[in-house]
Amino acid sequence: MNPTPAQLVSRGRSFAILLALALTFLTGCVGPVRVPISSDSRTQLGKVKGIVGLQQQEIGTEINPSNVSAATGGGLIAGIIDMSIDDARAKKAEAAVKPVRDALIDYQPGNVLAADLQNALDDVPGASLSHTDVQQVIDPNTTAEWINGSGGTSVLLVTLGYKLSADFKSIIVSAEVSLHPAGGRLASVTQTKANLPPLVYYNMFSSFNILPGLAGAQSRDGLVTLWAADGGRQAKTVLNAGLQELADMIAYDLTAPSPPAGERYETPDGAEKHFGIAEYGATNVGFQGYIEHKADGRIWVRLPGGQLSSFPQ
Amino acid sequence: MNPAWAQRCSSWILAASCLMAIFSGCNNTPQTSQLDLTVPASADDPSTAPSESSLRVAWLAIEDQRLDTTSLGHIGNDAYVAKSILPWVNQQLRATRGANFAETEDPAKADLVIKPTLLKLYIQNINVAKSAVVVLRLEFLRHGKPSGQFICRGQYAGMNWWNSDEEMAGAIQKAFADCLLNLTASLELNIKLQHMESSASN
């Protein structure tokens, strides 16, 4: 007998609850993402150069993934339906974004972030940058080759991502940041992450920025027109603000305190909790964090893993 | 356990097992693939054969303004690269045919000289789909003087079925074909406008 719509909804809910429980359980087991750096280590880095790495050549898009599988309790057919819906949504998003990409054709986010970093890190003892290069990440070995080939210079590596949100109302800029001491230095305190060379600092950042003056419901085409108008003025303004904020967050985080090694970032007494979804490149993280900094209508939220994300207040 | 539920669970487990079996063949280790984008030159299409009064178009050497001249982007953890893209792009541009224009080798004898710049050429994934993009800037020169420019964008998006090299190269080629279609349409329009202007002035 075929299940009734009410049964389908109930089954979907059960599946979603089970999935949420499993995720909650699993995230509780994971250690912090952030590797903090001590002030002692910072002062031993010697000369530091910055490298801004870009994987993408233009602003990215994203979609809201289809949920037919979750709503119907899974199954091969539902999975195929999901894939086909996601494919259609991706095609529409990629077609819609063209005017924004055209307007940003000469915009160089890597260079903007490099200049912002250079200024923001000037006041961070031991971590001010001698200069900052902007390079394309070609393959998984590229970043390790840059760091290993930097001779006697320590490297602050910032891998940048930027994209329009699925509803085209916001631009999200994100960065994965690591600090690698020059050959042999600080060997006793270095750690490893993924395929990166030994590092003394690691964290992930994101800045979520809404189209200025956005009021009422807007179609996607209407939003694209607003982003792209006047040579992409709004898109460039928002990107500049997001990149500046990323640089400021990185500078702040290099001196920010941390819980004892291996412990997650629990909400301190008196701190304001914040729930949301943070996006780092292609990864979306649902979280419950706490507000660590408020200024100029923005909040900086510390996630349980130590990542730092910024949102409008 | 209720037999109906037991049956549903077993079906679900079976489906999940099938999916796992299918996807266990997928290699999650990051890989770098060298793509071959070269394709045979397209045969002349008689429907777009240039007329005798066609505009003579000359192409200057293409400039590559990408941050890296080998990178073709990333799909998930996998990276794609290609060396010597420019000869392929050049070949494709010079093979462009229109009813009102034809290529000439000598810029001095050309009615229109085009300086192409490769701005973007990449593939990326959006969820289960792949997207390929090619962007060229074309600067027009008439009688040795700049007479405007045109950003030519080509794009292709489709389901990422197998993540194979052929699939990715095919996506880029389709994006480039889209770019060339836009280029041809723009050139034809440009030439018609020029003919109208010269008729009016006569």
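Mentor: Two residues are in contact if their C-beta atoms, placed from the backbone, lie within 7 Å. On that basis, 69% of the contacts in chain A with a separation of 6 or more are between residues 24 or more positions apart. This is a predicted model, in which local features need pLDDT of at least 70 and side-chain atom pairs count only at pLDDT 80 or more, while totals for chains, interfaces and linings use all residues. Residues are numbered from 1 along each chain as its sequence is written, with chains lettered from A and ligands numbered from 1 in the order of writing.

Chain A has eight helices and nine strands, these being DSSP runs numbered from the N terminus (helices H or I, at least four residues; strands E, at least two). The C-alpha trace of chain A spans about 70 × 50 × 40 Å along its principal axes, and 40% of the 313 residues in chain A are buried, that is, have 20 or more other C-beta atoms, placed from the backbone, within 10 Å of their own. Where chain A meets chain B, the contact draws on 30 residues from chain A and 32 residues from chain B. On the chain A side, at least two residues each come from helix H4 (76-96), helix H5 (98-103) and strand S2 (129-136), and H4(A) gives the largest share, nine residues.

In what follows, strands pair if DSSP finds at least two bridges between them.

Strand S2 of chain B (residues 55-59) runs parallel to S7(B) and is joined to it by three bridges, with B:Ala58 standing opposite B:Val113 of S7(B). Strand S3 of chain B (residues 63-64) is likewise parallel to S7(B), through two bridges, and there B:Glu63 has B:Thr117 in S7(B) as its bridge partner.

Strand S8 of chain B (residues 129-142), by contrast, runs antiparallel to S7(B), and 13 bridges join the two; within that pairing, B:Ile123 faces B:Ala132 in S8(B). S7(B) and S8(B) form a hairpin with two residues between them, and B:Asn127, which lies in the turn, has a positive phi of about 55 degrees. As you follow the side chains, bear in mind that in a regular strand they alternate between the two faces of the sheet.

Key
Buried ≥ 20, exposed ≤ 12 C-beta atoms within 10 Å, placed from the backbone.
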